[in-house]
Amino acid sequence: MAVAHFPEFRTGKVLATRFTGTLSERYGETLERIPVPSRLTDWLADNGLAVDSCDQAQLDRARELRESIQAAATALANQKPLPSSAVRVINECSTQGRASAVLTPEGGREWRLASASPEDALSVIAADAISLLAGEREGKISLCASPTCRAAFLDTSRGHTRRWCDMNTCGNREKKARFRAGKKSRTVEPP
């Protein structure tokens with residue numbers, strides 16, 4: 001039996017934008033990081049929101065939430081009104097699940113889901129998105145400068161001048177492209 005190979009999950013400090021990062025290169029060669037329900041189960045477990053399993057309808061709902069968060073963050077970054085359909089989906093997901101924040105012995109926060117259902121896990125992601133979109137976090141919502149990416153991220157840099165959602169992916173790719181273009185123009189021989 002062949003083992004399916006899936007792309008790695010992107011990391012980050014903000015749960016909601018890590019979740020929107022499960023779809024990369026939205027304006028290029030799109031990369032879906034949760035193509036099947038079991039992959040959503042894996043992503044949730046990797047992010048402290050372990051569930052028993054997910055079915056196709058739950059994956060579809062998760063993707064709807066992901067795209068709603070991205071749409072709302074994009075509107076906010078562009079100083080436009082939040083799309084009402086995105087707000088509706090985020091609010092529905094937030095109120096349809098049950099989860100509680102608990103304090104760990106180390107002084108951190110973990111989420112305890114009322115059940116091992118994806119709906120409870122999605123409610124945590126939606127609540128995190130609400131916190132982010134409502135401006136309750138230190139920083140500014142920005143969009144990646146890569147024309148093929150445009151992922152939303154929370155810019156906490158001094159002066160809010162960060163350009164890339166992730167320096168290890170989009171930032172490095174852009175710097176390499178500029179370097180190659182500069183090198184190519186320097187190696188052109190004169191006539």
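Predicted model: local features only at pLDDT ≥ 70, side-chain atom pairs only at ≥ 80, totals over all residues.
Which residue, with a positive phi, follows helix 2? Gly 48 follows helix 2, and its phi is near 75°.

Residues are numbered from 1 along each chain as its sequence is written, and side-chain values use heavy atoms, with hydrogens and water left out.

**Figure 1. The protein chain at a glance.** The chain has 6 helices and 6 strands, in the order α-β-β-α-α-α-β-β-α-β-β-α along the sequence. Helices (H or I, at least four residues) and strands (E, at least two) are DSSP runs, numbered from the N terminus. Of the 191 residues, 41% are buried, where buried means under 20% relative accessible area, exposed over 50% and partly exposed in between (1.4 Å probe, protein chains only). Contacts are heavy atoms within 4.5 Å; among those between residues at least 6 apart in sequence, 53% join residues at least 24 apart. The chain exposes about 11300 Å², with carbon and sulfur atoms supplying 52% of it; these areas come from the Shrake-Rupley method with a 1.4 Å probe, and for residues only the protein chains shown count as cover.

**Figure 2. The largest nonpolar core.** A nonpolar core is a set of buried Ala, Val, Leu, Ile, Met, Phe, Trp, Tyr and Cys residues joined through side-chain atoms within 4.5 Å. Here the largest one holds 35 residues, and Phe 19, Leu 44, Leu 65 and Ile 125 touch the most other members. Elements giving two or more residues to this core include helix 1 (15-20), helix 3 (56-77) and strand 6 (152-155). Helix 5 gives the most, with 8 residues. Take a look at Leu 65: beyond its neighbours within four places in sequence, its contacts are Phe 19, Val 89, Ile 90, Cys 93, Leu 122, Ile 125 and Ala 126. A second, separate core of 7 residues includes Cys 149, Ala 151, Phe 153 and Cys 165.

**Figure 3. A tilted aromatic pair.** The whole structure has 1 aromatic pair. The rings of Phe 19 and Trp 43 have centres 5.0 Å apart and planes at 55°, so the pair is tilted. For Phe, Tyr and Trp (its six-membered ring), a pair needs centres within 6.5 Å; planes under 30 degrees apart are stacked, over 60 edge-to-face and the rest tilted. Because Phe 19 lies in helix 1 and Trp 43 in helix 2, the pair ties together parts that are 24 residues apart in sequence. Phe 19 is buried at 0% relative accessibility, and Trp 43 is buried at 1%.

**Figure 4. Helix 2 and its packing.** The buried residues of helix 2 are Pro 37, Arg 39, Leu 40, Thr 41, Trp 43 and Leu 44. They pack against helix 1, helix 3 and helix 5.

**Figure 5. Thr 20 in helix 1.** Thr 20 sits in helix 1 and is buried at 3% relative accessibility. A polar atom of the Thr 20 side chain lies 2.9 Å from the backbone oxygen of Thr 17. Beyond neighbours within four places in sequence, Thr 20 is in contact with Arg 26, Arg 66, Ile 69, Gln 70 and Ala 152.

Figure 6. The whole structure has 0 disulfides, a disulfide being a pair of cysteine sulfur atoms within 2.5 Å. For Cys 149, the nearest cysteine sulfur is that of Cys 170, 3.7 Å away. Cys 149 is buried, with a relative accessible area of 1%, and Cys 93 is buried at 2%.

Conventions. Polar contact = N/O pair within 3.5 Å; in protein donor to acceptor, adjacent residues only side chain to side chain.
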